[in-house]
Amino acid sequence: MNPEDLKYHKEHTWARVSGKKATIGITDYAQNALGDIVYIDLPEVDANIEINSEIGEIESTKATSSIISPLNGRVIEVNEDLTETPETINEDPYGKGWIAIVEIDDVAEVNDLMDASEYEKYVEEEKK
Amino acid sequence: MKLVILGAGPGGYVAAIKSAQLGAQVIVIEDTEVGGTCLNKGCIPTKTLLATTELLHKTRNSGEFGIDISGQITPNLSKIMDRKNKVVSTQVRGIRSLFKSWGITLIEGRGKVISPDKIEVQKKDGSTDIIGADKIIIATGSRPAQLPLFPFDGEHVLSSDDALNIKSIPKTLIIIGAGVIGCEFAFIFSELGTDITMLEIMPRALSTEDPEISETLERELKKKKIKLMTGIKVTGVQSQLDGIHVYLEGGKEFVAEKLLVSVGRALNSDGIGLETAGIQKGPKGEITVNEKMETNIGGIFAIGDVTGGMLYAHVASREGIVAARNIAGADEKMDYSVVPSTIFTSPEIASVGLKEQQAIENGIKVKTGHFQFRAIGKAHVIGEITGFFKIVSDETSDRVIGVQIIGPHASDLIHEAALAIKTGLRTRDIAETIHSHPTLSEGMMEAAEDVHGEAIHVPKK
C-alpha cells in the first residue's frame, strides 16, 4: 500500500528522492489517523529544515499535528494548492497531496530512513 | 455626605450609583461622555464592529451551512458606523437615566482637585465653578499611548480612537503592536477587506498570554492572511504621497495607506490637580492607592486605569464599588486574585488566575489539563472548531489555579473557571459536575478530567 520507491520517517512523513531533490509529504497512515484535514500551515520557500523538526502544521476536524521533516535541506517549492484544498492530502497523500520539494543537504543521509516494508512493520507496532 | 467623582467611565459611574445606593449625595464631573473609554471608544464600539464582521464572515461562508446567497455581499461602512454609534448612544442614555433615577448630578466639564474638600470645574459653556466635597473619587482613566516617533494625526497615523471613526475602509494597513487592541482590530479590518501587516517588538503576538494561546492565535492570523512580524523594532515613520512609510531596524521598509499604533495606554493623571492637592503618583504617572482605594491624602480615593495595574473596565467597576463602600464606612479591600480577562479576536481568548509559567515561577507544583474544541460536538455544529481549554491546577491540592481558553465563546466560558478559583474548587469538582450536552462548556469538564488523564473524548496516549 505504501509506495516502494519512497523513504519513510517515524513521524509518518515520506520522501521521494530524485537526485539532490526530494518531494515530501505525510503518509497514508498519518492522514487516516488525522481524519478530515481542514488546514495546513506550509513551510516557507527558502527555509532551511532539519530532520526530526517541525516544518509545518496540519489541522483536521479531530486534531492538530506537527509535520516533521524526514531530512535536512532547504525548501525550494511548496504545494500552494493545499492552502485552498487541504483535503487533497486525504485523497492522495503520495501524489497530489505532496507538501514540499526540498534540496537535500546530504543525499547519503536518506538511506537512514525506513523503506516501505520497514515502515509497515513500524506502523503495525505503533498500533499495538 | 457629599461625594464628587471625577470621570464617568466604568469606574466612576459605577462608584456613583453604588454611593447613591448607600445614601451619598453624588456629583459626577465628566468632560466627554458618560461611559468613558469603555463605552465610547473601547469595549462596546469595537465589539459592535466585531459583531458586524463576524456576521459578514458567516454570511460569506453560508454555503457551508447549506444556504445559497446570490448577489454581492458588501460591507457598507457608513451603515456599520451608524449601527455602532446607535449601540453606544443607547448605552449612554442608559447610564444617564440611571443617574437621574438615583438623583446623581452630572456636570459636563473638566474637574481639577484643589484640596481634599474643593474641586474646580471648567464647564463646557466656559464658566468655572468651585464645588465643595466631603469625599472625592478620581476616576479619570487613560487614553491611547502615543510614541514621540510617530504622533497620531487622525488621518494616516491612527490611534484606536481614530480607527473607530474611519470614513473609508483602507486597502492596506500597518498595525504597530500585536497586543490586545492591535489583534482585535486586525481581525475586524481583515474581514472588511484590508490587507494587514502587524509589527510587534516582542517575540510573539499577545506576549502576556500563555505561549500556547499565542501560537494558536498566530496560526489564525495566518489563515486570514494577516501578516505578522515579531521581534521587530520600528525606527521611523514618514507620510509620503503613496502612503505611510514605516522603517524597520535593519533597513526594511513597509508602505500602507494607513498606520494604526496600538502600543498601550497612557494614564490621565495630568492637569487634574494632583500636585496642588499633594496626591502621590508612581513612575508611570499612576495614582498610588492602597487596597481600600485611598490615595495618600485622606478623603481622596482613586480607581480604574488612572491607578495603573490591570486596565480593565470590570476591574475599574469593582474598584468603584470597593471605594464607594469604604466611603460609606465599610472596611473593604480590593482582591485582584481572580480577574477574568477577555480578548475579542476570532476565535476569542479568555484567561483567569495563574498561567502555567507564572505558577511554576511561584514555586507551585503544577499539573495541567487540555481539551481541544475540535473534540466537542457543539463546536462542529456551529462550525468553529479551532482552540482549546487549558486548566492549570496545584498538583498537591488539586485546586484550580488558572484557566486559559482560546476558542468560540471563550469570553463566556471563562466564568465557570473564575468561580472555581474564587471558591477554591478542585479540578475533580469540575470533572464530577454534569455539564449539559451538546454545549461548548463540556470542554471545561473534559479539560478538568484531562488533568487526571481521564478525559473521555481524547484518544489513548
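H3(B) and H4(B) cross in the right-handed sense. The model is predicted. Helix H3 covers residues 43-60 of chain B, and helix H4 covers residues 77-101 of chain B. Their axes come within 9 Å and cross at roughly 140°. H3(B) is therefore oblique to H4(B). The oblique class holds here because angles count as roughly antiparallel over 145 degrees.

From H3(B), the residues that meet H4(B) are Ile44(B), Pro45(B), Thr48(B), Leu49(B) and Thr52(B). Facing them in H4(B) are Ile80(B), Arg83(B), Lys84(B), Val87(B), Val88(B) and Gln91(B). Sorted by class, this contact has six nonpolar, three polar and two charged residues.

### H3(B) against H6(B)

H3(B) also packs on helix H6 of chain B, residues 180-192. The angle is about 40°, and the axes lie 9 Å apart. H3(B) and H6(B) are therefore oblique to each other. Their crossing is left-handed. H3(B) brings Thr46(B), Leu49(B), Leu50(B), Thr53(B), Leu56(B) and His57(B) to the contact. H6(B) brings Glu184(B), Ile188(B), Glu191(B) and Leu192(B). The class count for H3(B) with H6(B) is five nonpolar, three polar and two charged residues.

### Domains of chain B

Chain B is divided into domain 1 (2-143 + 266-327), domain 2 (157-263) and domain 3 (341-451). By these bounds, H3(B) and H4(B) fall in domain 1, and H6(B) falls in domain 2. The C-alpha centres of domain 1 of chain B and domain 2 of chain B are 27 Å apart. Their contact takes 10 residues from domain 1 of chain B and eight residues from domain 2 of chain B. What supplies the largest share of the domain 1 side? H3(B) does, with seven residues. By class, the side of domain 1 of chain B that touches domain 2 of chain B has six nonpolar, three polar and one charged residues.

### The sheet of chain A

Chain A has an open sheet of six strands. The order is E1-E2-E3-E9-E8-E5, with antiparallel pairing. E1 and strand E5 (48-49) of chain A stand at the edges. Each has a single partner strand, so one side of each is left without a neighbour in the sheet.

Strand E1 spans residues 7-9 of chain A, and strand E2 spans residues 13-18. Strand E3 spans residues 21-26 of chain A. Both pairs run antiparallel.

### Between the chains

The contact of the two chains takes five residues from chain A and seven residues from chain B. The side of chain A that touches chain B divides into one nonpolar, one polar and three charged residues.

How values were computed. Residues numbered from 1 in each chain as written. Chains lettered and ligands numbered in written order. Predicted model: local features only at pLDDT ≥ 70, side-chain atom pairs only at ≥ 80, totals over all residues. Axes fitted to C-alpha atoms, helices over the stretch in contact; angles between N-to-C directions. Helix = DSSP H or I, 4+ residues; strand = E, 2+ residues; numbered from the N terminus. Parallel < 35°, antiparallel > 145°, perpendicular 65-115°, else oblique. Left-handed = near helix turned anticlockwise from the far one by under 90°. Nonpolar A, V, L, I, M, F, W, Y, C, P; charged D, E, K, R; others polar. Pairing = 2+ DSSP bridges. Domains from an automatic or database assignment.
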